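Let's take a friendly look at how the inside of this protein is put together.

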Amino acid sequence: MSAMTRTLSILASTARLSHRGYDARRMQQTELERRLREARDCEAWVDAAAEFFAAHDLVFGHGTDNAGDEAYWLLRHVTGWRELDATVPPPADATSRALVICGQRVSTRKPLAYLIHEAWFAGLEFRVDERVLVPRSPLAEVIERGFEPWCAVAPGDRILDIGTGSGCIAIATAHYLPEVFVDATDVSPDALEVAAVNVKRHGVGERVRLYRADLFPPGGQRYRAIVSNPPYVPEDEVAALPAEYRHEPAIVEADPVHGDGDGVEGDHAPGRAGRSRRAGHGLTGMPRSARKVFSRARCCVVCSATP
C-alpha cells in the first residue's frame with residue numbers, strides 16, 4: 001500500500017470512529033487490557049484505546065487532534081500498516097505492543113509520534129524522535145499542489161527550506177516536484193541527523209542537500225521559493241505549554257526573536273546574507289516575530305505557525 005493510500009485509509013476510517021464522545025472515567029491499565037483483548041472487532045478495540053486516552057486527559061496535536069484518531073493510528077502502527085479485516089480484532093501480539101505504548105503515552109505524556117518514531121506529512125511517512133519537531137504543518141497542502149497558484153515552479157528550479165527539522169518539508173517538496181532541487185538548513189546537528197535518515201529513506205539524496213546554517217547555505221544561490229515553519233513561541237511561554245509539547249526540542253519551541261533583540265547570530269544571518277538570496281516567488285503568512293527576521297532578508301517565505 002502506498003503512503004498516500006495509507007493516509008486516505010486513515011481519513012476514511014476515522015471519519016467513522018472519531019466522532020464519538022468518551023466517558024472520562026479514569027480507566028486503569030488492567031481495564032484497558034481486558035477491553036482490548038475482549039474486543040469483538042477493530043472498532044471496539046479503537047474505542048477502548050480512545051477511552052483510555054481521553055480518561056487520562058492526554059493532549060493531542062502531534063499528528064492527530066482527538067483520542068479516536070490517535071487510537072486508530074496506534075492500531076495501524078502495531079499491525080504494520082497491513083490490510084486489516086475490521087470485523088475481527090487485531091492479532092494478540094499487536095495488542096500486547098499497543099498496551100506498552102498506551103502505558104508510556106499516559107505515564108510520560110510523550111506524543112505518540114515520539115513513542116513509535118513515526119509521523120506523517122503530505123502523505124509520506126517520516127522517522128521522528130525528540131531531536132525534531134513532530135510534522136504538523138498546513139504547508140503539506142501547498143506542497144502537494146506544487147505551490148500553485150502562488151508560485152510557478154519550473155524544472156531545474158531550486159527551493160530553500162529553512163529550519164528543516166525532520167526534513168519533511170524539503171523531502172515532500174522533492175517528492176511532489178521531482179524536477180526541482182531543494183536546499184534545507186537547520187542550526188541543530190541533531191535535527192540534521194534525523195533529516196539525513198529521512199532523505200535516504202525517501203531516496204531523494206541527489207536533489208535534497210542538507211546544511212547546518214542559521215538561514216541560508218554558504219554561497220549566493222538564488223531560489224524560486226523559500227519555505228519555512230519557523231519557531232514563534234516566546235521562551236517565557238514554553239513552560240505553560242501542555243506536557244506533550246515540552247517533549248519537543250527547546251530550540252524549536254522557543255522563539256529567539258520575540259522582544260527587542262533580533263535573535264540572529266552567525267555568518268548567515270539575514271541582515272548580512274539575505275539580501276543576495278531573494279526568492280523568485282513565495283507566500284507570506286508568518287507570526288510577527290518571524291516577519292521581523294525575514295523582512296530584513298528581503299525574501300518571500302512560505303510559512304505556517306505551529307503551536
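## The main core

In the largest nonpolar core, which has 42 residues, W45, F53 and L74 touch the most other members. Such a core is a set of buried Ala, Val, Leu, Ile, Met, Phe, Trp, Tyr and Cys residues joined through side-chain atoms within 4.5 Å; buried means under 20% relative accessible area, with a 1.4 Å probe and protein chains only. Helix α3 (42-55) is among the elements that give this core two or more residues, and α3 supplies its largest share, 10 residues. Helices (H or I, at least four residues) and strands (E, at least two) are DSSP runs, numbered from the N terminus.

Setting aside residues up to four places away in sequence, L74 touches W45, F53, A98, I101, C102 and L112, where contact means heavy atoms within 4.5 Å. Apart from this core lies another of 26 residues, including F147, A170, V180 and V227.

## About the model

This is a predicted model: local features need pLDDT of at least 70, side-chain atom pairs count only at pLDDT 80 or more, and totals for chains, interfaces and linings use all residues. Residues are numbered from 1 along each chain as its sequence is written, and side-chain values use heavy atoms, leaving out hydrogens and water.

## The whole protein

The protein has 13 helices and 9 strands. Buried residues make up 52% of its 307 residues.

## A look at V106

V106 sits in helix α5 and counts as buried because its relative accessibility is 16%. Beyond its neighbours within four places in sequence, V106 contacts F52, H56 and L58.

Key:
Buried < 20%, exposed > 50% of the residue type's maximum accessible area, 1.4 Å probe, protein only.
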